[in-house]
Amino acid sequence: MKSLIRTGLFLFAITAIFACNRDKNHPGHIFYPDMAYSQAYETYTENPVFAEGKTMRTPAEGTIPRGHTPYPFKAKSFDDQQAAGRELLNPLEANTAVIAEGKRLYGIYCMICHGEQGKGDGHLYTSKLFPAKPTSLVEDYVKNKPDGEVYHVITVGSLSGLMGAHGGQISPQDRWKIIHYVRELSK
């Protein structure tokens, strides 16, 4: 009887050892492959499941991504730039922390073109990499513009097209901080 138990335990141990799969890339035996592995389609490939044959689906008309607020003013429109100046108000208070953060952000996004003091003498212009002199942010032309109009230009670019849109790079809150810092530069 003892030898039968030993033989049973030995066979059980051998079976357990060989039943374990040391290859982590192989899941073992698959009994229902159509359920375990669904057929995936790459994003830009054809797809026979949908009528138009595209895998990447177009969002439903009028949908807005979560957490995104559409910008209501059009680019390269003088009327919309003026409307932004009238309607958009800086929601941030101009305190030392906001201005310090605005200075840091200005150094990242604006200084290369507008210069350290905002006079339009940044490295891209002085090194002749950019042919047109950027607008001075400390002269009356920008000083007399409302914050909303400056925000609009940062967001969608200038009417002339020399300054590109930075709305995709700088968050709305950070744009307002930069404006507070630019106002400090012009004092």
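Here are some notes on the structure above, for someone opening it for the first time.

1. Before you start: this is a predicted model, in which local features need pLDDT of at least 70 and side-chain atom pairs count only at pLDDT 80 or more, while totals for chains, interfaces and linings use all residues. Residues are numbered from 1 along each chain as its sequence is written, and side-chain values use heavy atoms, with hydrogens and water left out.

2. The overall fold. The protein chain has nine helices and zero strands, where helices (H or I, at least four residues) and strands (E, at least two) are DSSP runs numbered from the N terminus. Of the 187 residues in the chain, 29% are buried. Here buried means under 20% relative accessible area, exposed means over 50%, and partly exposed is in between (1.4 Å probe, protein chains only).

3. The largest pocket. Its volume is about 620 Å³, and 29 residues line it, with H114, T135, V153, S158 and M163 lying nearest its centre. Two or more lining residues come from each of α3 (78-87), α4 (96-109), α5 (111-114), α7 (140-143), α8 (147-156) and α9 (172-185). The biggest giver is α8, with three residues. By class, the lining divides into 20 nonpolar, seven polar and two charged residues.

4. How those pocket terms work. On a 1 Å grid over the protein atoms alone, a pocket is an open set of points with protein on both sides within 12 Å along at least five of seven lines, and lining residues have an atom within 4 Å of a point. Grid points are joined across faces, edges and corners, and a volume is the space filled by probe spheres set on the points. As for classes, Ala, Val, Leu, Ile, Met, Phe, Trp, Tyr, Cys and Pro count as nonpolar, Asp, Glu, Lys and Arg as charged, and the others, Gly among them, as polar.

5. The second largest pocket. This one holds about 190 Å³ of space. Its lining includes the run G67, H68, T69, P70, Y71 and P72, along with Y151, T155 and R175. Both α8 and α9 supply at least two residues each. The lining has five nonpolar, five polar and one charged residues.

6. A patch on the surface. M1, L4, I5 and L9 form a nonpolar patch with about 500 Å² of accessible area together. Patches of this kind take residues with over 30% relative accessible area and no salt bridge, joining nonpolar side chains (Val, Leu, Ile, Met, Phe, Trp, Tyr) within 5 Å; the areas come from the Shrake-Rupley method with a 1.4 Å probe. M1 sits in the segment before α1 (2-19) and counts as exposed because its relative accessibility is 73%.

7. Two lysines to check. K76 has a positive phi of about 55 degrees although it is not a glycine, and this residue is found in the loop between α2 (33-36) and α3. K128 also has a positive phi, near 65 degrees, and lies in the loop between α6 (123-126) and α7. K76 is exposed at 54% relative accessibility, and K128 is exposed at 72%.

8. Salt bridges. The whole structure has seven, each a side-chain nitrogen of Lys or Arg within 4 Å of a carboxyl oxygen of Asp or Glu. One of them joins E149 and K145 (3.0 Å, N to O); E149 is buried at 5%, and K145 is buried at 17%. Another links R57 and E52 at 2.2 Å, N to O.

Definitions and conventions: 1 Å grid on protein atoms, 1.4 Å probe; cavity = no way out; pocket = protein on both sides within 12 Å on 5 of 7 lines; lining within 4 Å. Patch = residues over 30% accessible without salt bridge, like charges linked within 9 Å, V, L, I, M, F, W, Y side chains within 5 Å.
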